[in-house]
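Me: Please take a close look at one part of this model, the place where the two chains meet. I would like a connected account of that part, and then of what lies around it.

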Protein chains: 2
Amino acid sequence: MTIGIVGCGLIGGSIGLAARANGHSVLGFDLESVVGAVAIERGCVDEMVSFVEVAQAEIVFLCVPPSAVVSVASELRSRKGPETIVTDCTSAKGPIVRWLSSANDPNFIPGHPMAGHEKSGPKFSSGWMFRGATWIFTPTPQTSKQALKKVESLVAEFGAKCVRVDADRHDYEVALLSHLPHVIAAALVGMAAPLDSTDASGGSWRDLTRVAGVDPGLWSQILLANRESVVQVLDDFKSRIASLQETLTNQDIEAVEAFFQEAQKAKAKQK
Amino acid sequence: MTIGIVGCGLIGGSIGLAARANGHSVLGFDLESVVGAVAIERGCVDEMVSFVEVAQAEIVFLCVPPSAVVSVASELRSRKGPETIVTDCTSAKGPIVRWLSSANDPNFIPGHPMAGHEKSGPKFSSGWMFRGATWIFTPTPQTSKQALKKVESLVAEFGAKCVRVDADRHDYEVALLSHLPHVIAAALVGMAAPLDSTDASGGSWRDLTRVAGVDPGLWSQILLANRESVVQVLDDFKSRIASLQETLTNQDIEAVEAFFQEAQKAKAKQK
């Protein structure tokens with residue numbers, strides 16, 4: 001079938017590569033011509049076309065930054081073909097689901113591929129990015145089951161495992177399991193900035209700060225799009241840290257040990 | 001030379017293996033006979049002997065848990081040979097340096113090998129553990145330069161890089177670069193315990209929680225021994241998290257972006 005990609009960066013480019021590897025035609029659109037040129041050179045798309053042409057594809061992947069996703073989704077809604085299915089790839093589903101409640105489009109499937117890379121742009125795209133990755137969909141009561149199945153069966157061709165969850169639950173879990181770790185990593189490296197060296201560090205520091213260098217423009221948008229859930233998990237996290245701190249101040253060794261025991265138990269279950 | 005090991009667990013066992021590989025004789029002592037049996041079976045020591053015999057070795061490594069280090073150091077002080085040098089391996093130097101200010105022993109060298117493993121016991125020991133690792137010493141004004149050099153030259157044989165720093169600075173840096181990451185990892189997995197699954201997680205979650213399963217008994221002792229510095233870094237960490245949370249609540253995109261920009265800059269310098 002003919003696939004459209006709006007926004008041919010890391011994710012859009014990788015979707016294009018995976019779709020072409022499975023025999024589909026891929027039309028791309030990007031506001032920046034230099035991104036389009038790299039996408040063509042890397043073989044992510046068959047050709048770069050106009051926004052209106054991309055909007056006629058059978059399935060359009062909306063791969064724009066979080067701050068633009070609702071306005072581009074609206075624009076697509078008014079220009080797309082009558083049978084065209086659109087699915088987005090942003091990591092907070094709340095804004096899109098709220099928009100859908102008024103746009104009421106059964107052929108718009110809110111989605112989130114759990115994949116990425118610390119570098120951005122089509123230069124780093126890969127047709128293998130979704131192999132074994134979870135691809136989450138957060139359908140609303142209005143979502144067409146048929147359209148959802150069509151998108152799921154396409155991304156299954158890319159090697160992804162499809163999961164359906166409620167948008168609120170998705171946003172909370174992503175805030176906890178991905179956004180919070182990124183905030184922590186960034187806060188940690190900032191604290192060590194005044195040190196002459198990090199010679200006294202070992203494996204734990206290396207691991208906890210690996211994702212500290214992510215793109216500031218993209219990540220500020222990601223956090224703001226999901227700010228309600230992120231603020232909620234930050235509250236919970238802060239009180240856990242404060243409570244451990246209190247047990248340390250009180251030299252309550254049993255409570256400190258219980259904190260690590262709970263962690264050890266939770267860790268064993270998460271493997 | 002003859003090396004003594006008091007406490008033949010993971011670190012003591014690894015020191016024994018490294019010393020024997022470099023042609024030294026190794027005498028071990030442990031309160032638990034089962035630990036001694038494993039240490040002999042693994043070749044960590046030439047023989048297990050009494051506390052008083054170990055105390056006559058040329059250099060004695062004190063590798064007991066943090067809560068026991070000061071009392072065992074005192075015991076060693078009154079039993080050891082007149083030329084015997086003692087060095088400990090605990091990760092907080094404050095308690096030992098405070099004890100030294102009254103014990104006033106120029107032949108006691110406070111030390112901290114920056115190495116370890118998420119499993120404990122001589123079963124997991126390795127003679128390679130210190131290759132390329134930093135071994136920190138925090139001498140006091142009373143410390144014998146000659147004794148310090150003798151210990152440094154021995155652990156250099158194990159492949160370690162020796163660094164001398166002030167005990168307070170050491171304790172602050174270790175609190176920041178090692179103890180804080182372990183607290184964070186434990187707090188994180190505890191937050192995810194109520195979830196049915198962590199399917200929505202990716203590489204950042206895996207990395208930030210790797211060290212969450214560490215030994216609760218050992219780690220509660222480590223934190224308590226260094227509680228002043230740990231409480232200080234927890235304060236700083238909490239306010240960084242709170243300030244990021246405030247910028248999110250206020251939807252101050254520039255401030256959120258600045259937070260990640262500072263991190264990106266710090267991360268680049270730490271590599």
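Reply: Two residues are in contact if their C-beta atoms, placed from the backbone, lie within 7 Å. This is a predicted model, and what follows is computed from it.

By that criterion, chain A brings 72 residues to the contact and chain B brings 72 residues. On the side of chain A that touches chain B, the elements giving two or more residues are strand S8 (134–137), helix H7 (167–192), helix H8 (203–208), helix H9 (216–225), helix H10 (227–249) and helix H11 (253–269). The most comes from H7(A), with 17 residues. By residue type, the side of chain A that touches chain B has 42 nonpolar, 19 polar and 11 charged residues.

The two copies meet through the same surface, because 100% of the interface residues of chain A are also interface residues in chain B.

The pairing of S8(A) with S9(A) is parallel and runs over 4 bridges. Trp135(A) stands opposite Cys162(A) of S9(A).

Chain A has another open sheet, with 6 strands in the order S3-S2-S1-S4-S5-S6 and parallel pairing. At its edges are strand S3 (47–48) and strand S6 (108–109) of chain A, each with a single partner strand, so each has one side without a neighbour in the sheet. S3(A) pairs in the parallel sense with strand S2 (residues 25–29) of chain A over 2 bridges. Gly28(A) is placed opposite Met48(A) of S3(A).

Last, the core. The largest nonpolar core holds 182 residues, and those touching the most other members are Val6(A), Val60(A), Leu62(A), Val6(B), Val60(B) and Leu62(B). Leaving aside neighbours within four places in sequence, the contacts of Leu62(B) include Val6(B), Val69(B), Val72(B), Ala73(B), Leu76(B), Val86(B) and Cys89(B). Gly7(B), Thr87(B) and Asp88(B) are also in contact with Leu62(B).

Notes
Residues are numbered from 1 along each chain as its sequence is written. Chains are lettered from A and ligands numbered from 1 in the order in which they are written. This is a predicted model: local features need pLDDT of at least 70, side-chain atom pairs count only at pLDDT 80 or more; totals for chains, interfaces and linings use all residues. A nonpolar core is a set of buried Ala, Val, Leu, Ile, Met, Phe, Trp, Tyr and Cys residues joined through C-beta atoms within 7 Å. A residue is buried if 20 or more other C-beta atoms lie within 10 Å of its own, exposed if 12 or fewer, and partly exposed in between; C-beta atoms are placed from the backbone. Ala, Val, Leu, Ile, Met, Phe, Trp, Tyr, Cys and Pro count as nonpolar, Asp, Glu, Lys and Arg as charged, and the others, Gly among them, as polar. Two strands pair if DSSP finds at least two bridges between them.
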